[in-house]
Amino acid sequence: MTRKKDPEKRDATRKMQLRKKTPGPDAPSKDERRHLVGKGSVFDPGRVFVIHTDLNERAKEKLDENIRNLKLDKNIARLLRTRWLHTSIAISAVRSSKPKGLLIDLLIPAARAEDCRLELDKGYERWVEKYGSKRAGRMFAWHSAVIVVGYWIEWARKRLNLLKIFSSN
Amino acid sequence: MISKLEELSLFIVLRGGGNATASEVQAALSEAANKEQSFGSVFTTLDRLSDKKLVRWRKGQPDDRRGGRAPRLYEITVSGRKALDEAVRATRIAAGGSEALKPVGAIP
């Protein structure tokens with residue numbers, strides 16, 4: 001005899017699981033998650049899953065609604081849910097691997113650093129499309145270093161010019 | 001007199017129609033030079049142009065996707081436009097007529 005789960009009870013259980021920050025019963029296995037996140041990632045696959053679940057809860061509801069409306073076969077619905085889950089985890093992992101720009105935050109005044117980070121982030125997205133994430137990461141680090149050096153050289157040049165003006169007077 | 005990098009940056013800011021960001025300037029300069037222009041030099045150039053009052057900037061709309069941060073939007077000033085016209089005129093005079101402005105392959 002199979003026991004049918006009450007949908008309301010299932011939703012309540014799911015919400016409770018989210019609150020506890022633990023992956024639900026549909027979550028891929030640890031090996032699967034590790035494979036999706038990819039080699040060399042410093043992010044914990046479990047954490048990526050939890051973040052992804054929190055962010056995409058609304059999207060998941062939409063998917064469920066579409067599956068219900070189309071009256072799809074149970075197995076196909078399950079397959080679709082799994083595919084959606086895997087894709088969104090992979091996207092979350094790629095988004096999380098964006099460089100932090102710590103060098104700029106530490107060595108440049110906060111107001112300027114914010115502008116630099118914003119523009120560098122846009123540049124990084126363009127480089128990822130053009131060169132791939134590995135080279136884009138290297139370029140991000142290189143450009144950050146050049147920005148820091150350039151900022152302080154410009155700062156020194158301005159002070160030197162002021163000194164020249166005062167000494168000539 | 002403005003430098004070549006400043007001149008190109010002014011052209012790109014002018015083309016942006018008052019909404020040019022530093023990353024757009026960098027992308028356009030990289031495309032023009034056929035190699036990645038450093039962000040450091042772009043920021044320095046735009047700061048210098050701003051100090052000379054050839055461009056002015058304002059904060060744009062904050063973007064939720066980028067943590068609610070607002071980008072700087074650059075706009076060319078009247079003196080910037082004059083400096084650009086002067087630079088273009090100087091290039092034409094220095095080239096000394098149409099012969100030097102032709103592509104290398106076209107000169108017999």
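**View 1. Chain B contains five helices and two strands.** Helices (H or I, at least four residues) and strands (E, at least two) are DSSP runs numbered from the N terminus. Along the sequence of chain B, these elements follow the order α-α-α-β-β-α-α. The model is predicted: local features need pLDDT of at least 70 and side-chain atom pairs pLDDT 80 or more, whereas totals for chains, interfaces and linings use all residues. Residues are numbered from 1 along each chain as its sequence is written, chains are lettered from A in the order in which they are written, and side-chain values use heavy atoms, without hydrogens and water.

**View 2. The largest nonpolar core has 32 residues.** Such a core is a set of buried Ala, Val, Leu, Ile, Met, Phe, Trp, Tyr and Cys residues joined through side-chain atoms within 4.5 Å; buried means under 20% relative accessible area (1.4 Å probe, protein chains only). Among the elements that each supply at least two residues of this core are α7 (110-131) of chain A and α3 (39-51) of chain B.

**View 3. A:L120 is among the residues with the most contacts inside the largest core.** Contact means heavy atoms within 4.5 Å. Not counting residues up to four places away in sequence, A:L120 touches several residues, including A:I104, A:W127 and B:F39.

**View 4. Seven salt bridges are found across the interface of chain B and chain A.** A salt bridge is a side-chain nitrogen of Lys or Arg within 4 Å of a carboxyl oxygen of Asp or Glu. The side chains of B:K59 and A:D115 form a salt bridge at 2.7 Å, N to O. On the side of chain B that touches chain A, α3(B) gives the most, with seven residues.

Note on methods. Buried < 20%, exposed > 50% of the residue type's maximum accessible area, 1.4 Å probe, protein only.
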